[in-house]
Amino acid sequence: MSEGIEVVGIYVRDQDEALAFYVDRLGFRVQADVRNGDYRWLTVQHPQQPTLQLGLFRPGPPVHDAATAEALHGLVAKGAMPPLVLQVKDCRAAYQALSAKGVEFIQEPISRYGQVDAGFRDPSGNGWKMIERQRKETA
Amino acid sequence: MSRGVGRGTIAAPYRQSAPPVNPRPELLRRLLRAKDRMDAAPDQDWPIPRLAELSAVSPAYFARAFRQAFGLPPHRYLLTRRIERAAALLRDTDAPVIDIALQTGWRSIGTFGRIFRDITGESPGQCRLRGRKALHARGAMPECVVRAVERPDLKSAVLEKRRRAGATKVAAPTEEAP
């Protein structure tokens, strides 16, 4: 077994809504969905990337006090969280497919600097770049 | 440090960031939608009523809430995006300055040049030269990040600045001057 990053989490405003978005629209799979009282450990993964889990965590107790949770919700909602990047084989095709599923794109595919990229947000406000890297000519 | 001083320095910014109407996350998400739309097409006109509609609030409330949420009024934000885009085009293309001005939402090259200088402290031509020199130094940073990093920091209104600069002959350097 190799070493590496196993879970990276993002904050979402509603875990059911996030689950529906990442699974039904983006095509991710649920990896873990475990409840302990009010706390819910929820992670999804990209179907082609079984070694990395994306945690969909809701700010709140017992991890955060009410004021901290509210602040985190606010930061997510105004798009202040770090960018996320999704690599795809065909950005324009993925844009068409995801748009048809109701994904909120904030930037249509643009070709520049040897790649095609587009941008979308999840319902909470987390921003994703969707990048198609051009194959480098093999030397 | 005395207790009084500590309390004072902490209390001042806290009061500023906690106005009576603190936008709720649901509203912030809708304000972000309006901001995203400006980001996607900064060359377009974005009158407040159009933006307010995207956020499902009244125009008066929108202007205030946007400023609270993002730290500057919507129109100033739009100007920074236009200048940012213009600077990128100056750097990355050989297009004439007039074309870039029209392409980034300005109606006259005079206005473009003046506001570009007011905001960035240099002329479009100087920006083009400097950008090309720096081109090699950036390395592997993604293009969207480069543009965000180079986004002009528009803390005060262009008109305010011009008024200040014009009010006194004593050359009081603006904060933007290098």
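Q: Before we look at this predicted model, what has to be found between two strands for them to pair?
A: It's a simple count, made by DSSP on the strands. Two strands pair once DSSP finds at least two bridges between them.

Q: How many bridges link strand 6 and strand 7 of chain A?
A: Strand 6 covers residues 104–112 of chain A, and strand 7 of chain A pairs with it in the antiparallel sense. The pairing needs at least two bridges, and the count here is six.

Q: Which residue takes a positive phi in the hairpin of strand 6 and strand 7 of chain A?
A: This hairpin has two residues between its strands. The phi in question is near 50 degrees, and the residue is Tyr113(A).

Q: How many of the seven residues of strand 7 of chain A are buried?
A: To count as buried, a residue needs 20 or more other C-beta atoms within 10 Å of its own. Strand 7 of chain A, residues 115–121, is mostly covered by that test. The number buried is six.

Q: Why do strand 1 and strand 2 of chain A each have one side without a neighbour in the sheet?
A: They belong to an open sheet of four strands with mixed pairing, in the order 1-4-3-2. Strand 1 (7–11) and strand 2 (29–36) of chain A stand at the edges of that sheet, so each is left with a single partner strand.

Q: Which residue of strand 4 of chain A is the bridge partner of Thr43(A)?
A: Strand 3 (residues 39–45) and strand 4 (residues 53–57) of chain A run antiparallel, joined by two bridges. Helix 1 (residues 15–25) of chain A lies across both of them and strand 2, at about 10 degrees to strand 3. On strand 4 of chain A, the partner of Thr43(A) is Gly55(A).

Q: What puts the buried residues of helix 3 of chain B on the same side of the helix?
A: Over in chain B, the buried residues of helix 3 (residues 48–55) are Leu51(B), Ala52(B) and Ser55(B). Their cover includes helix 2, helix 4 and helix 5 (74–92) of chain B. They share a side of helix 3 because, around the axis, they cover an arc of only 100 degrees.

Q: Which helix of chain B gives the most to the side that touches chain A?
A: The contact takes 12 residues from each of chain A and chain B. Helix 2 (25–40), helix 4 (59–70) and helix 9 (143–149) of chain B each supply at least two residues on the chain B side. By class, that side has eight nonpolar, no polar and four charged residues. The top giver, with eight residues, is helix 2.

Q: How many residues does helix 2 of chain B give to the side of domain 1 that touches domain 2?
A: Chain B is divided into domain 1 (23–71) and domain 2 (77–156). Eight residues of domain 1 are in contact with eight of domain 2. On the domain 1 side, helix 2 of chain B gives the most, and its number of residues is three.

Note on methods. Residues numbered from 1 in each chain as written. Chains lettered and ligands numbered in written order. Predicted model: local features only at pLDDT ≥ 70, side-chain atom pairs only at ≥ 80, totals over all residues. Contact = placed C-beta atoms within 7 Å. Nonpolar A, V, L, I, M, F, W, Y, C, P; charged D, E, K, R; others polar. Axes fitted to C-alpha atoms, helices over the stretch in contact; angles between N-to-C directions. Domains from an automatic or database assignment. Buried ≥ 20, exposed ≤ 12 C-beta atoms within 10 Å, placed from the backbone. Arc of directions from axis to C-beta.
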